[in-house]
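Have the sequence and the model side by side before you start. We'll go from the whole chain down to a few individual residues.

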Amino acid sequence: ALVIWGGRRVILAAIQCDDSNFVKGRLTRSVAVLPLLAHWVHDVIPLSHETVIYGQPTVAVGLADNSVEQWNMPTRATVKVGVTIEPTCIRRIECAMRSVLYSLALYGSSMDDLKVAGGTIFNEIQLWAPSDARNIGMHVERVCLAKERPKPWAALSGHEGSILRVRWASDGGHVFSTSDDRTARIWRVPSRHKRDLDSNGTTPGINKNLGGVVTLYGHSSRVWDLHVTSLSKKTLVVTAGEDCTVRLWNAPPFTSLGKICKGKSDDLDLADDLFVDEPLAILRGHRGRGVWRAMTMLSPSGEKLL
């Protein structure tokens with residue numbers, strides 16, 4: 001299946017193909033569509049460890065107002081004959097620090113372990129967890145709301161412009177970001193169990209992580225995207241910018257084959273921040289308003305393509 005989103009829409013599509021002739025036999029059809037949502041959708045992930053009645057798949061939807069909604073998406077394969085079930089918002093959790101976001105990324109496989117990284121227009125990344133909401137169980141129009149909104153456990157500050165893109169590392173230990181300050185950064189994720197104290201010295205506050213671990217300089221305008229990929233035994237960081245270039249960088253030393261080394265995400269004093277301004281390569285040729293996204297895939301012959 002394929003989850004597609006854009007604007008305020010989310011669609012679940014089924015991909016079917018004839019193995020003997022994939023190119024001519026492929027079919028894609030929509031099997032579930034959410035109603036028009038109230039805010040722009042920034043990320044959607046399936047919750048593989050959570051299902052509802054009749055075993056329907058559920059998804060977590062990250063929205064531009066720094067909130068997360070859980071929806072069930074009934075499909076023909078999961079709904080019994082003669083039973084009509086509409087897509088339903090099971091719960092909605094709003095971050096206590098409401099902010100306009102240009103980018104949001106989700107990490108996890110269930111609502112209990114879900115983590116949210118919200119890139120705000122105010123130059124910082126807020127990290128929060130829907131499971132930190134208290135008193136979940138208040139129902140308003142059949143939607144389960146939290147009476148007390150969860151606060152971010154960390155705020156990553158250092159960019160000098162709005163955050164345009166955030167991504168989680170493969171193990172959730174680091175966050176990648178890009179900004180209209182023409183840089184990309186890699187951040188360690190502070191522990192949710194180690195928080196600074198509020199000004200009165202009693203209540204756990206928000207971890208303030210300044211600067212990031214690695215800052216990549218070189219683009220001459222906004223950086224729209226960052227992608228991490230492995231090639232043979234090397235790990236590369238790929239950035240794409242409004243200057244119509246794609247830049248390839250050596251991954252920092254704490255990465256290995258695209259995965260962040262374990263045991264280092266809670267230690268914020270391992271090394272001084274790294275400032276890198278020499279990429280391995282600069283790919284030119286695009287024309288127009290810039291390169292918006294970068295990704296890698298394998299060709300039918302097994303080659304890795306960017």
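Let's start with what counts as a contact here: two residues touch when they have heavy atoms within 4.5 Å of each other. Keep in mind that this is a predicted model. Look at the contacts with a separation of 6 or more, and you'll find that residues 24 or more positions apart account for 56% of them.

What is the chain built from? The protein has 27 strands and one helix. Of its 306 residues, 47% are buried.

Now go to the start of the chain. Strand β1 covers residues 2-6 and strand β2 covers residues 9-16, and the two pair in the antiparallel sense through five bridges. To get your bearings, find L2, whose bridge partner in β2 is A13. Together β1 and β2 make a hairpin, with two residues between the strands. One to check in that turn is G7, which has a positive phi of about 65 degrees.

Strand β1 also takes us to the largest pocket, where it supplies at least two residues of the lining. This pocket has a volume of about 770 Å³. Its lining counts 23 residues, and those closest to the centre are W5, H42, R165, R167 and R293. Besides β1, the strands β4 (41-51), β8 (101-107), β14 (163-168) and β19 (223-231) each bring at least two residues to the lining. Sorted by class, the lining consists of 14 nonpolar, five polar and four charged residues.

Why look at their backbone angles at all? Most residues other than glycine have a negative phi. N66 has a positive phi instead, near 65 degrees. You'll find N66 in the loop between β5 (57-63) and β6 (67-72). N123 also has a positive phi, of about 75 degrees, although it is not a glycine. N123 lies in the loop between β9 (115-120) and β10 (124-128).

Are these two asparagines buried or exposed? N66 has a relative accessible area of 0%, and the cut-off for buried is under 20%, so N66 counts as buried. N123 comes out at 27% relative accessibility, so it counts as partly exposed.

Terms used. Residues are numbered from 1 along each chain as its sequence is written. This is a predicted model: local features need pLDDT of at least 70, side-chain atom pairs count only at pLDDT 80 or more; totals for chains, interfaces and linings use all residues. Side-chain values use heavy atoms; hydrogens and water are left out. Two strands pair if DSSP finds at least two bridges between them. Helices (H or I, at least four residues) and strands (E, at least two) are DSSP runs, numbered from the N terminus. Buried means under 20% relative accessible area, exposed over 50%, partly exposed in between (1.4 Å probe, protein chains only). On a 1 Å grid over the protein atoms alone, a cavity is a set of points where a 1.4 Å probe fits but cannot get out, and a pocket is an open set with protein on both sides within 12 Å along at least five of seven lines; lining residues have an atom within 4 Å of a point. Grid points are joined across faces, edges and corners, and a volume is the space filled by probe spheres set on the points. Ala, Val, Leu, Ile, Met, Phe, Trp, Tyr, Cys and Pro count as nonpolar, Asp, Glu, Lys and Arg as charged, and the others, Gly among them, as polar.
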